[in-house]
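Please keep the structure in view while reading the points below.

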Amino acid sequence: VGYAKPVSKQTAIGIWAQYLSMKEIQGYDEWDYEITPTKAQDMAIAVSYSRKIYDDFNVGGNLKYINQQLDNEIASAFATDLGTYFRSPVRDLSFGLVVHNIGNKIKFIEKKGDLPQSIKFGAAIKLFNKRLMVASDVTMPVDNDAYISIGSEWWLLDMIALRAGYRSNMDLGNGLTFGTGLKMRGVQIDYVFVNYGILNYTHRMSLT
């Protein structure tokens with residue numbers, strides 16, 4: 001959940017939070033006997049700031065507090081995301097660059113782990129009187145191989161969106177996604193269908 005508000009013609013601020021929990025996981029001791037179930041949850045809270053430097057160049061960032069819990073152990077960390085957005089002289093062509101999770105290590109008991117840092121560069125172009133958008137980006141995680149994402153979105157009557165995408169180097173599924181959106185009176189509902197292979201299909205919905 002998030003909220004953003006322009007505070008001037010050049011700047012905007014925001015706040016958001018995300019929370020992930022799951023059912024309790026059965027616990028076992030070193031002799032494989034069942035013990036008290038284990039709980040696990042993740043949470044992140046952030047404040048955001050963005051500023052227009054020039055008409056075609058913008059910068060922004062998040063300051064995040066991250067909290068993770070596994071059983072009775074809690075770990076936390078602070079991190080930042082930094083990004084830029086640039087509209088090129090070529091009509092309706094734009095570029096973006098973002099660096100995720102610059103921050104300290106997260107520590108459980110005595111073991112420290114790195115946050116999932118990554119660098120992402122992307123480009124998008126709008127065609128056919130801005131009804132069709134095609135976008136692609138390259139993500140370079142610090143601890144894994146790079147992958148490419150490609151997506152497209154077609155708006156019908158400025159009300160209904162049809163979307164399709166593909167991501168390479170998928171650990172699960174075939175990398176294909178399909179979605180749609182409906183926009184009426186300032187409210188937008190979006191849906192996407194994602195194949196996660198042996199974990200089966202997932203259905204995601206959002207309200208804006």
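Two rings of Phe, Tyr or Trp (for Trp, the six-membered ring) are taken as a pair if their centres lie within 6.5 Å. By this rule, the model contains 4 aromatic pairs. The model is a predicted one, and the points below are grouped by topic.

**Aromatic rings**

- A pair of aromatic rings is described by the distance of the centres and the angle of the planes.
- One of the 4 aromatic pairs is formed by Phe95 and Phe121, which are stacked, with 6.2 Å centre to centre and 15° between the planes.
- Phe95 belongs to strand β8 and Phe121 to strand β11 (residues 118-127), so this pair ties together parts that are 26 residues apart in sequence.
- Phe95 counts as partly exposed because its relative accessibility is 28%, and Phe121 counts as partly exposed at 40%.

**Charges over rings**

- The ring of Tyr147 has the charged end of Arg167 over it, 4.1 Å from the ring centre.
- Over the face of Trp155 lies Lys183, at 4.4 Å from the ring centre.

**Salt bridges**

- A salt bridge is counted where a side-chain nitrogen of Lys or Arg is within 4 Å of a carboxyl oxygen of Asp or Glu, and by this rule the model has 8 salt bridges.
- One of them joins the side chains of Asp81 and Lys64, at 3.2 Å from N to O.
- Asp81 is in strand β7 and Lys64 is in strand β6 (residues 57-70), so the pair ties together parts that are 17 residues apart in sequence.
- Asp81 and Lys64 are both buried.
- Another salt bridge is formed by the side chains of Arg163 and Glu153, at 2.7 Å from N to O.
- Arg163 is in strand β14 and Glu153 is in strand β13 (residues 147-156), so this pair ties together parts that are 10 residues apart in sequence.
- Arg163 is partly exposed, with a relative accessible area of 22%, whereas Glu153 counts as buried at 17%.
- Asp158 forms a salt bridge with Lys183, and their closest N and O atoms are 3.3 Å apart.
- This pair links distant parts of the chain, since Asp158 is in the loop between β13 and β14 and Lys183 is in strand β15, 25 residues apart.
- Asp158 is exposed, with a relative accessible area of 52%, whereas Lys183 is partly exposed at 27%.
- Arg91, Asp92 and Lys130 are linked in a network of salt bridges.

- Two or more residues of the patch come from each of β14 (160-167), β15 (176-184), β16 (187-195) and β17 (201-207).
- Val187 is placed in strand β16 and is partly exposed, with a relative accessible area of 39%.

**Two loop residues**

- Ser88 lies in the loop between β7 (73-87) and β8 (93-103).
- Ser88 counts as buried because its relative accessibility is 13%, which is under the 20% cut-off.
- Apart from residues up to four places away in sequence, Ser88 touches Leu93, Ser94 and Phe95.
- Lys39 is found in the loop between β4 (34-38) and β5 (40-54), and Lys39 is partly exposed at 39% relative accessible area.
- Beyond its neighbours within four places in sequence, Lys39 is in contact with Gln69, Leu70 and Asp71.
- Lys39 and Gln26 are 13 residues apart in sequence and 8.8 Å apart in space, C-alpha to C-alpha.

Key: Residues are numbered from 1 along each chain as its sequence is written. This is a predicted model: local features need pLDDT of at least 70, side-chain atom pairs count only at pLDDT 80 or more; totals for chains, interfaces and linings use all residues. Side-chain values use heavy atoms; hydrogens and water are left out. Helices (H or I, at least four residues) and strands (E, at least two) are DSSP runs, numbered from the N terminus. Buried means under 20% relative accessible area, exposed over 50%, partly exposed in between (1.4 Å probe, protein chains only). Contact means heavy atoms within 4.5 Å. Rings of Phe, Tyr and Trp (its six-membered ring) pair if their centres lie within 6.5 Å; planes under 30 degrees apart count as stacked, over 60 as edge-to-face and the rest as tilted. A charge sits over a ring if NZ of Lys or CZ of Arg is within 6 Å of the ring centre and within 35 degrees of the ring normal.
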